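Here is a short tour of one protein model and its ligand site. Have the viewer open and follow along.

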Amino acid sequence: MVQRNPKIKALRTHYLFPEINKKKQEFLRRSPDAQLISLGIGDTTYPLPKSIANQLSLYGAGMSTLEGYSGYGPEQGNAGLRHLIASRFYPGLAEANEIFVSDGTKCDIGRLQVLFGSSATIAVQDPTYPVYVDTAVALGQGEAQQEATGCYGNIVYMPCTSSNSFFPDLEALPRTDLIYFCSPNNPTGAVATHEQLARLIRFAKKNRSVVIFDAAYSAYIQDKTLPRSIYEIDGAREVAIELGSFSKMAGFTGLRLGWSVFPKELRFEGGESISTDWNRIHTTFFNGASNIVQAAGAAVLEEEGWMAIKKMVEYYQENALLLTHLCQENEWQFYGGVHAPYLWVEFPGRDSWEVFDELLEQAHLVTTPGSGFGPSGNGFIRLSAFGLRETVETAVQRGKKDSSRTSLRW
Ligand code: PGU
């Protein structure tokens, strides 16, 4: 028989969210009557606006006609959608032919590892979205680090904690080929300022590194002076790739639509175009996002859809505000929740999984343990604002009523 891939063996047994789901199902088997409140995975719940859902139906119905039928499209995405993405998000900053439409950011992250290969060294914020590390480990770049901070194989962890305002101490870091940077950050909710991102770009230029900027939550930035795209920073086009997603901005977590931006100026050390190689990988590993979903994506970016999804984002922002009340009520120290749909809640000296278990068992609340996002996340849990309003309100009410139910004052 074939040998098991040793690189897969190096991965932690489960991806974070299925592991949480497993714990949730086990708990429900033991306590089938419990009314669980889910503030765990960042999955959207608000129904799609009509103008966007109509596009799905229209395109779907058209598929049964000769004129409306479509097969494979261009792998890089439909030209109209690429233009709409460029004009909505990157006016004067990136061109439509620099945008590659995809089936979501998570999938692009996996393909990016193939682009740069297993010998590329990478730096990640600690804590951060676990997929950057897990996909790197799957390619053999080291093992996910569980405890102390520092370097691990080809992976460098950049501690981002309240003591450095959740921005890494760049001077203390070794050079890496790639730097993954997520702002607004999942899970801390921290958003980097212009000045901080300018420092990051200067650092990348000095080190000849490429920044992979994950802007999946940019729609949640409420302060217009904060940067939503890395290309707002001078010189970023020479050293940065940006990833964007319709998931959290427009409720497309199940529909699947995202994009990557590869500016023409981006070059490998030998001078070759990075965008040309990405085109090779993208068109080889991926056959284009669903035509139906791309039509709905275009409807998001047209004026009517755009106004409607703003309301959707505001709804989750209000949920986040309610969750800040829950934390205040329980006297929990928290971060985020303003420019991001996540609250990062601190339980000093506690193990994240222990806090997770206690909230699940005693308060019937599903959260995400902070250590799942990196070693610096231990002692924290993440609350997601993506639930329905009733769910969030029930959490707040239960939190008020039963605040002595656990040692956490819930
Ligand atoms: N980038 C970041 C920073 C994310 O937090 C997520 C989703 C994605 C990308 C995925 O975007 P797609 O365009 O939908 O692929 N994070 C969620 C969902 C968990 C998951 O496994 O992706 C979360 O709860 O952290």
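The report below covers the ligand site, a pair of helices and some backbone details.

This is a predicted model, in which local features need pLDDT of at least 70, side-chain atom pairs count only at pLDDT 80 or more, and totals for chains, interfaces and linings use all residues. Residues are numbered from 1 along each chain as its sequence is written, and side-chain values use heavy atoms, with hydrogens and water left out.

**The ligand site**

Let's start with the ligand, which 20 residues surround; the closest are Y15, Y129, N186, Y217 and S247. The shell divides into nine nonpolar, six polar and five charged residues. In this scheme Ala, Val, Leu, Ile, Met, Phe, Trp, Tyr, Cys and Pro are nonpolar, Asp, Glu, Lys and Arg are charged, and the others, Gly among them, are polar. Helices α5 and α8 (247–250) each supply at least two residues of this shell. Helices and strands are DSSP runs (H or I, at least four residues, for helices; E, at least two, for strands), numbered from the N terminus.

| Side chain | Distance to a ligand oxygen atom |
|---|---|
| Y217 | 2.5 Å |
| S247 | 2.6 Å |
| S245 | 2.7 Å |

Taken alone, the ligand exposes 550 Å², and the protein buries 94% of that; the areas come from the Shrake-Rupley method with a 1.4 Å probe.

**Helices α5 and α6**

Helix α5 (residues 105–116) also packs with helix α6 (residues 131–138): their axes come within 9 Å and cross at roughly 35°. Those axes are lines fitted to C-alpha atoms over the stretch in contact, with angles running from 0 to 180 degrees between N-to-C directions. The crossing is right-handed, that is, the near helix is turned clockwise from the far one by less than a right angle. K106, I109, G110 and Q113 of α5 meet V131, Y132, T135 and A136 of α6, where contact means heavy atoms within 4.5 Å. The residues of this contact comprise four nonpolar, three polar and one charged.

**Backbone details**

Most residues other than glycine have a negative phi, and most peptide bonds are trans. Where does P127 sit? P127 is in the loop between β3 (122–126) and α6, and the D126 to P127 bond is cis, with omega near 10°. The bond from S183 to P184 is cis too, with omega near -10°; P184 lies in the loop between β6 (178–182) and α7 (194–207). Finally, R208, in the loop between α7 and β7 (210–214), has a positive phi near 55°.

Note on methods. Near = heavy atom within 4 Å. Polar contact = N/O pair within 3.5 Å; in protein donor to acceptor, adjacent residues only side chain to side chain.
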